[in-house]
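Dear colleague,

I am passing on a structure that you have not worked with before, and my notes on it follow below.

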Amino acid sequence: MDAEALCTLVERYFHGVDAREIGTILGTLTEDCRFTVETHGVEILGHAGIRAMFGRLWTGHSRVLHDRFVHIPCPERSLIASQFQVTNWLPDGTTVHKSNANVFRLRGARFSAVAVYMTGENTLRAEG
């Protein structure tokens, strides 16, 4: 996959997160994807765990938005790093802004690993 396609795949993944489209998210990930929140010691393996994690995220937020992307694709190593802004709207009306980065590792046409580096409170928990 070339650099442009890697960037497009990352943005498809985040579109799914922001639009609450679990099918879109899982369509970008291998069945055995390893999802980690490196800054908070979280590891989730596979679609079922990732589906549950996003369910918890969406339950705890009235809206989320990922934007202002800076992508650093490395097609020859099958990975891409992306830095971005996150805005979380909480049910009480509070808005939280974060600066995060993810590293995505590719296998075939899907991500086999997602490593999240998150500022502030962890919103991607392994369990409720």
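Directly after helix 1 comes Arg20, whose phi is positive, near 60 degrees; helices here are DSSP runs of H or I with at least four residues, strands are runs of E with at least two, and both are numbered from the N terminus. Please keep in mind that this is a predicted model, in which local features need pLDDT of at least 70 and side-chain atom pairs count only at pLDDT 80 or more, while totals for chains, interfaces and linings use all residues. Residues are numbered from 1 along each chain as its sequence is written, and side-chain values use heavy atoms, with hydrogens and water left out.

Among the buried residues of helix 1 are Leu6, Tyr13 and Phe14, where buried means under 20% relative accessible area with a 1.4 Å probe, protein chains only.

Searching the whole structure gives ten aromatic pairs, that is, rings of Phe, Tyr and Trp (its six-membered ring) whose centres lie within 6.5 Å, counted as stacked with planes under 30 degrees apart, edge-to-face over 60 and tilted for the rest. Tyr13 and Phe104 are edge-to-face, because their ring centres are 5.4 Å apart and their planes stand at 75 degrees. This pair joins distant parts of the chain, with Tyr13 in helix 1 (residues 3–19) and Phe104 in strand 5 (residues 95–107), 91 residues apart. Phe14 also forms an edge-to-face pair with Phe104, at 6.1 Å centre to centre and 90 degrees between the planes. Both Phe14 and Phe104 are buried.

Ring pairs also link a cluster that includes Tyr13, Phe14, Trp58 and Phe104.

Note on methods: Buried means under 20% relative accessible area, exposed over 50%, partly exposed in between (1.4 Å probe, protein chains only).
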